[in-house]
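Dear colleague,

My notes on it follow directly after it.

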Amino acid sequence: MATIIDGPRVAPADGGAARSLAVLLHGYGSNGEDLIGLVPYWRDVLPGTAFVAPNAPEPCPGAPGGYQWWGLTSTGQRSRAEGAARAAPVLDAFIDAELARHGLTEAKLALVGFSQGTMMALHVGPRRRAALAGIVGYSGMLADEAAPADAATHPPILLVHGDVDPMIPVNAFHQAQASLTANGFAVETHVSRGLGHSIDLPGLQLGGRFLARVLAP
């Protein structure tokens, strides 16, 4: 039986039917309840947007209530690429179901990721046959360095990173920016000074403005 994922949802702030959808992808050892906490920062600028934050498909060892998109038995590039590829069909099926639930197309869909969730967003989003409205990636990197060259579409991307991130060094952010740009993606970037593996208010504000622009009616 195929793995089915789910997580917390927040309906559009204006009380109407969703005119756009943002899927929030959490990091390693976290869960959808954590990332849905970003929504209050964005609801005012995205009144017609529905939000959903699915739990990743695998329970995370040593993190009660936490999940992983793939296990970190190795942090090497090959392991990351294989892990993202293994989780991709599960996320794609979830996205298909959520778009159908709201009667929307990819043109009104944004993926927002943090850390391992950013890796998933950058892996899955450009490989979908129809172009997404956009991707926001916080504190992440490319799971597969070859992925940009394999893209079926080229949605706009915003990457945000802290310059003292101990988990995913900022150099990975610069490598992702260079690879994506070289392969035809329009990439906006921001480095938060003094920030570790987290999201700060300037990053949230930039994300909100980016999402409001790409998901605009």
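Arg213 is partly exposed, with a relative accessible area of 47%, and Glu188 is likewise partly exposed, at 35%; here buried means under 20% relative accessible area, exposed over 50%, and partly exposed in between, with a 1.4 Å probe and protein chains only. The side chains of Arg213 and Glu188 form a salt bridge, with N and O 2.3 Å apart. A salt bridge is taken as a side-chain nitrogen of Lys or Arg within 4 Å of a carboxyl oxygen of Asp or Glu. Helices (H or I, at least four residues) and strands (E, at least two) are DSSP runs, numbered from the N terminus.

Please note that this is a predicted model, in which local features need pLDDT of at least 70 and side-chain atom pairs count only at pLDDT 80 or more, while totals for chains, interfaces and linings use all residues. Residues are numbered from 1 along each chain as its sequence is written, and side-chain values use heavy atoms, with hydrogens and water left out.

Further salt bridges

The count of salt bridges comes to 11. One of them joins Arg78 to Glu82, at 3.0 Å from N to O. Both residues lie in helix 2 (residues 77-102), 4 residues apart, or about one turn of the helix. An α-helix has 3.6 residues a turn, so residues three or four places apart point the same way. Arg78 is exposed, at 64% relative accessible area, whereas Glu82 is partly exposed, at 41%.

Arg127 and Asp150 also form a salt bridge, their closest N and O atoms being 3.5 Å apart. This pair links distant parts of the chain, 23 residues apart: Arg127 is in the loop between helix 3 (116-124) and strand 7 (134-138), and Asp150 is in the loop between strand 7 and strand 8 (157-162). Arg127 is partly exposed, with a relative accessible area of 29%, and Asp150 is partly exposed as well, at 45%.

Strand 6 pairs in the parallel sense with strand 2 (residues 20-25) over 5 bridges, and Leu25 has Gly113 of strand 6 as its bridge partner. Strand 6 and strand 7 also run parallel, joined by 5 bridges, with Tyr138 of strand 7 as the bridge partner of Phe114. Strand 7 is in turn joined to strand 8 by 4 bridges, and these two strands run parallel. Here Tyr138 stands opposite Val160 in strand 8. Contact means heavy atoms within 4.5 Å. Axes are lines fitted to C-alpha atoms, for helices over the stretch in contact, and angles run from 0 to 180 degrees between N-to-C directions.

Which residues of helix 3 are buried? They are Gln116, Gly117, Thr118, Met119, Met120, Ala121, Leu122, His123 and Val124, and 9 of the 9 residues of helix 3 are thus accounted for as buried.

The axes of helix 2 and helix 3 come within 9 Å and cross at roughly 75 degrees. That makes the two helices roughly perpendicular, a term used for 65 to 115 degrees. Residues of helix 2, including Ala84, Leu91 and Ile95, meet Met119, Met120, His123 and Val124 in helix 3. The residues of this contact divide into 9 nonpolar, 1 polar and 2 charged. Ala, Val, Leu, Ile, Met, Phe, Trp, Tyr, Cys and Pro count as nonpolar, Asp, Glu, Lys and Arg as charged, and the others, Gly among them, as polar.

Yours sincerely

How values were computed. Pairing = 2+ DSSP bridges. Parallel < 35°, antiparallel > 145°, perpendicular 65-115°, else oblique.
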